Amino acid sequence: MLECKNINIQNEKKIFLVKNFNFIIEQSQIFTLTGPSGVGKSTLLKYICGIKQNSFTYSGDILVNKSLVNHLPTNQREVRMIFQNDLLFPHMNVMENLLFAVPITKKKNKDEALSLLDKLNLSHLSYKNTNTLSGGEYSRICLARIIINKPSILLVDEPFSNLDIKTKNMTRKFFFKNISEMKCTTLIVSHDLDDIYNHDKVIKL
Amino acid sequence: MNGLKLLINQNISFLIIFLLFGIVFLVIGNILYETISQLTIKSFSNDLMNFLPSISVTFFNNILSTICAIFIAFFITEYLYKKSYFSSSFLIVLISFPHISYCIGITYLFATSGLFARLFSIFYGNEVPFISYRGDGLANLIYIFSLALREVPFLVLIGLSTWKKINPNQIQQQVSVLGHSDLSTLMNCIFPLWIKSMGLPVLIIIAFSFSNFEFSSILGPQFPNMINVKIIESWYSTNTELMQHLNSLIIITILGAGVAILLLFFLRNAIVSYFTNTRLFIPINYNTLLIGKFFFLIVVLLFTAIISITFFLSISKSWFFPSILPTTFTLKGWSYMIENYYVLFFHSIFISSTISIFSLIIMTYMIEISQNIKNIFKMLFLLSLMILVIPQNIMLMGINNLMSSSPFFSIKAWFYFSLFIYILPYTYFMTKQSYDDFNPQYIENADVLGIKRLKSFFSIKLPIMTNDFLIIFGVSFSVCFYQFLQGIIVTKGEELLFNNEVLILFSGESISTASSGSLLNFFPAGLLLTIIYIRYRYARM
Amino acid sequence: MKFLLNTLTKIIFLIFIYHSLYSADVNFHAWGGSVIINDFIKQVSKDLKKKNINLNHTKITDIAESIKILETDKKINKLQKGSIDLMWVNGENFHRLKKNQLLFGPIDTIDNYKFINTEDQSLHNDFGEPVEGLEVPWGRAQFVLIYDSKMIQKPPQTIEQLREFIKNNPGRFTYPQIPDFHGTTFLKQLLYEIVDDQSILQKPFSNCLNPCEPLKNLMIYLKDIHPFLWNQGKRFPKSAAETVPLLSNRELWLTISFNPNMAAVNVSSGNLRDVTRTTSFIGGAIGNTHYLAIPFNSPNKNASLEVINYLISPQSQADKSNIDIWGDPTVLDFTKIDEKQKKMFLDKQSIHILQNYQIPYLVEPHYSWTEAIENEWFKTFN
């Protein structure tokens with residue numbers, strides 16, 4: 001579960017982007033965070049992960065599975081995230097990118113990665129260089145990379161914004177199926193509530 | 001536990017900084033104390049009056065050559081950006097050409113019996129060279145232009161990456177829609193932007209021109225000598241009157257360098273505001289690319305001529321005026337160099353690469369663990385600035401004083417240290433630059449995947465930044481390989497680099513040996529940077 | 001673990017032994033600019049290997065560097081394990097070493113010293129400073145003029161002829177910039193020609209009346225010729241070696257040297273043209289001697305003494321004076337060596353060198369004159 005208490009975020013001009021913000025997401029719930037653009041949704045997500053912008057001031061507690069994680073660096077919090085413009089590592093091919101998300105690479109992981117790519121209709125790209133991918137392919141591989149990591153808490157920032165309608169539907173189905181299978185606690189940022197179905201609650205910022 | 005680890009980590013980098021700061025302060029303080037304690041106001045003002053010609057010559061020559069270098073580099077950058085970006089990175093190989101060989105090459109090109117005079121004599125038919133009339137005016141001119149052209153490759157390389165960030169194509173389109181000519185676009189809009197972000201390289205260049213010894217002694221005027229020559233002269237001298245000048249000269253040089261830097265930055269702001277507030281509506285569309293092309297050709301031709309004349313000197317037995325090519329050939333110079341100096345040659349390569357790798361590792365480590373602590377960078381910047389701005393000969397005299405008053409470490413250790421602190425600023429500036437250019441989202445991406453910092457450093461940062469690290473290594477290697485004042489001032493000949501031996505040979509009678517030495521000297525850094533250049537070229541395609 | 005420690009101690013012990021066995025290393029600090037001289041020293045160190053002595057030639061730019069090392073050693077009381085065992089020195093550098101008591105000696109007790117003429121004052125006064133056995137003569141030098149015989153039929157041989165030559169052939173003569181040693185020597189040579197009473201040059205400079213008449217006349221002479229020098233006297237070569245390519249390219253037609261065999265050596269190595277010849281001032285030319293000395297804190301004084309002994313042996317001196325090897329004139333007294341040894345010195349005749357050694361030998365002025373001349377020159381022209 002993920003809990004945020006009294007979160008305040010101020011920008012460099014001391015204006016509050018987020019003020020006294022509280023929520024609790026229970027295990028395997030899916031929440032959606034909406035709000036007009038520029039209100040600080042992405043900043044909030046990044047803060048939950050532990051990525052801070054130097055000029056901003058932050059306060060508030062973040063609890064993962066009831067333990068405080070504020071002092072931990074990003075990679076030691078059990079929080080995973082998909083950025084709005086996620087990046088694949090340019091010096092690795094698609095398969096290497098996927099396997100990089102797994103702590104210890106085994107034969108099992110490779111099979112899993114192949115089947116994931118297969119489900120996304122991307123298996124022909126497995127050994128392609130990342131800079132040959134199109135925008136849609138790129139963001140789907142980013143999704144696949146986070147899924148193979150098997151997160152327990154996942155933050156998602158506008159996951160389907162780069163896709164055309166047909167692929168969007170397919171990808172959305174695939175994504176939510178995997179999330180619910182993994183019993184992953186999820187917080188999704190989106191403008192478009194149509195994007196999201198079977199969410200448990202909508203929070204407005 | 002983690003917090004503790006973090007604390008220790010950060011303290012280590014503070015510790016390193018304070019240690020370095022401490023030593024540098026000790027060195028500077030030592031030399032300043034020695035100087036000031038022996039200085040009276042009367043003798044200082046006397047010396048100041050006596051050396052006024054020297055001071056003004058040094059001051060104006062250095063400032064003029066820096067300004068020339070900036071403008072030439074600006075036009076070349078424009079030309080290269082628009083025409084042939086990739087062939088331009090070959091200039092990086094020229095950066096590694098040793099200063100001493102460059103100066104001596106210039107002397108052989110422009111002497112009354114030099115290459116140009118010989119070419120001229122084909123048409124004129126004179127058997128004997130003309131009477132030489134190189135007064136001080138001409139010497140100043142040669143000094144200014146050769147120093148400027150030597151610094152151009154360095155400025156162009158950094159200038160190109162700055163240029164890319166400005167996005168000049170878009171600016172140019174927007175401004176030309178408003179009715180400006182090419183030249184006025186360039187001078188009114190792009191130059192102020194460009195020069196504003198070129199502060200650091202310009203600083204490095206002005207600091208170098210104040211601390212270099214080779215240019216002022218080989219190419220500079222003799223009446224009056226430039227200050228650096230005078231300092232070394234009085235440092236060596238047995239003449240008591242000369243020795244007493246040393247103290248005032250040290251103070252004067254430090255002040256001079258400081259004032260020059262301030263003046264240059266004031267000038268920069270003045271020029272920027274002049275260009276942004278003055279409209280150069282020049283109706284005719286000059287082809288500004290031609291200026292850049294012209295300068296680019298000059299730089300390339302000059303370096304080619306110098307390298308080839310050094311090569312011919314190295315294989316010639318006798319080569320008298322007016323023959324264009326040597327008349328008799330010999331490989332004695334090469335075989336002499338290889339036979340006598342191969343141990344030192346490889347030793348110098350080993351020392352330089354060890355020191356540059358060491359300083360690269362230290363810098364990377366410090367930047368890596370203290371990315372969130374702003375103060376560390378400020379302090380590192382200050383430290384690098386101090387090392388660069390205090391003229392090298394003075395700094396090394398301070399190290400030498402310190403060495404002789406505290407015999408804790410061996411001469412070797414002091415020698416390596418004195419090399420190390422001159423690599424440090426370059427490594428710091430370049431590593432910081434690469435880190436700033438590196439997209440932090442790669443690491444954030446790895447972080448949110450739960451990957452440890454160490455792993456993400458080795459499998460993401462290192463592969464992506466390999467080229468940057470290679471270039472940093474190449475440049476700091478060549479900087480280290482071409483140091484020579486350490487061998488003269490700190491160790492006084494007991495520990496040397498190969499470069500020192502080449503310099504000594506140039507004081508002797510065998511030019512062919514000295515020339516082969518100087519080509520051999522160019523070889524390691526040249527080869528290294530050529531490899532980097534080829535890699536760079538293919539990696540970025 | 002114990003085994004490891006044992007091995008470690010053994011290795012350290014072995015290294016220690018190795019170092020003490022090879023402690024017969026002699027670090028010879030000598031100028032390293034000349035390929036010819038370096039080759040000669042290299043040959044010497046090969047010969048000395050047979051006597052279990054390692055002669056390391058530390059190639060330095062200026063012997064003043066080494067003197068600074070010694071001064072520092074003295075200051076920090078490093079009285080035993082210095083880094084220099086032997087140095088090549090003379091003139092004001094010797095004076096500085098002697099004044100600060102940086103030399104070990106007397107060292108004229110070595111075996112081969114018997115070949116040296118003890119009466120010859122030019123060997124026992126280094127720039128007017130009594131040697132007192134602190135250094136051993138190694139080689140001699142004498143001031144000569146080197147010229148291109150195709151451009152000059154009759155070279156100048158007095159100071160007035162020199163003035164005439166310079167004025168008739170503007171731009172074809174120069175001298176190395178002061179304080180270069182060759183440049184200073186040239187001025188001293190001119191001073192000898194200018195003064196009426198040469199004995200004043202043997203006394204300290206302070207004996208010269210204020211204002212010093214000869215020095216004033218020297219500056220008048222120089223002011224007269226400077227506009228007709230190479231580059232109108234506004235630029236000077238940094239060293240005598242720098243004038244060699246200028247002479248070979250005929251930018252200069254006449255230059256100075258301090259080695260009578262310099263022309264021959266450089267013609268054979270291709271640095272100078274075949275038409276190069278040597279002459280000197282007929283009234284006499286300054287000669288001096290260069291010496292070998294041992295610093296006070298040399299760790300291998302015995303080995304250094306052995307090296308010096310070898311370097312002044314007839315064999316080594318003959319090699320050194322051979323114009324195919326170095327061409328540096330010997331310091332040995334020919335009346336003291338036997339016929340067999342004399343044969344080694346049989347001169348190779350060369351048209352490039354001074355034809356007959358008839359030029360009188362003038363002793364270097366007292367060392368204090370060097371500084372006085374330099375300062376006066378700086379004041380007048382800088």
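This is a predicted model: local features need pLDDT of at least 70, side-chain atom pairs count only at pLDDT 80 or more; totals for chains, interfaces and linings use all residues.

Residues are numbered from 1 along each chain as its sequence is written, chains are lettered from A and ligands numbered from 1 in the order in which they are written, and side-chain values use heavy atoms, with hydrogens and water left out.

**Chain contacts**

- Two pairs of chains are in contact, and chains B and C share the most contacts; contact means heavy atoms within 4.5 Å.
- Chain A and chain C are joined by no contact, and their closest C-alpha atoms lie 36 Å apart.

**Interface of chain A and chain B**

- On the chain A side 27 residues are in contact with 20 residues of chain B.
- About 1,900 Å² is buried between chain A and chain B, with carbon and sulfur atoms giving 61% of the area; buried area is the accessible area (1.4 Å probe) that two parts lose on being put together, summed over both.
- Six residue pairs, both at pLDDT 80 or more, are in polar contact between chain A and chain B. A polar contact is a pair of N or O atoms within 3.5 Å; within protein, one must be able to donate a hydrogen and the other to accept it, and residues adjacent in sequence count only if both atoms are side-chain atoms.
- Helix H1 (41-49), strand S6 (79-82) and helix H4 (135-148) of chain A each supply at least two residues of the side that touches chain B. Helices (H or I, at least four residues) and strands (E, at least two) are DSSP runs, numbered from the N terminus.
- S6(A) gives the most to that side of chain A, with three residues.

**Domains of chain B**

- Chain B is assigned domain 1 (1-37 + 331-541) and domain 2 (47-330), with bounds from an automatic or database domain assignment.
- The centres of domain 1 and domain 2 of chain B, taken over C-alpha atoms, are separated by 24 Å.
- In domain 1 of chain B, 50 residues are in contact with 44 residues of domain 2 of chain B.
- The two domains of chain B bury about 4,200 Å² between them, 77% of it from carbon and sulfur atoms.
- Met397(B), Phe522(B) and Tyr533(B) supply 13% of the area that domain 1 of chain B buries against domain 2 of chain B, more than any other three residues.
- One salt bridge is found across this domain interface.
- Asp437(B) and Lys165(B) form a salt bridge, with their closest N and O atoms 3.7 Å apart.

**Ile159(C)**

- Ile159(C) lies in helix H6 (residues 159-168) of chain C.
- Ile159(C) counts as buried because its relative accessibility is 10%, where buried means under 20% relative accessible area (1.4 Å probe, protein chains only), exposed over 50%, and partly exposed in between.
- Beyond its neighbours within four places in sequence, Ile159(C) is in contact with Leu190(C), Glu193(C), Ile194(C) and Tyr221(C).

Technical notes: A salt bridge is a side-chain nitrogen of Lys or Arg within 4 Å of a carboxyl oxygen of Asp or Glu.
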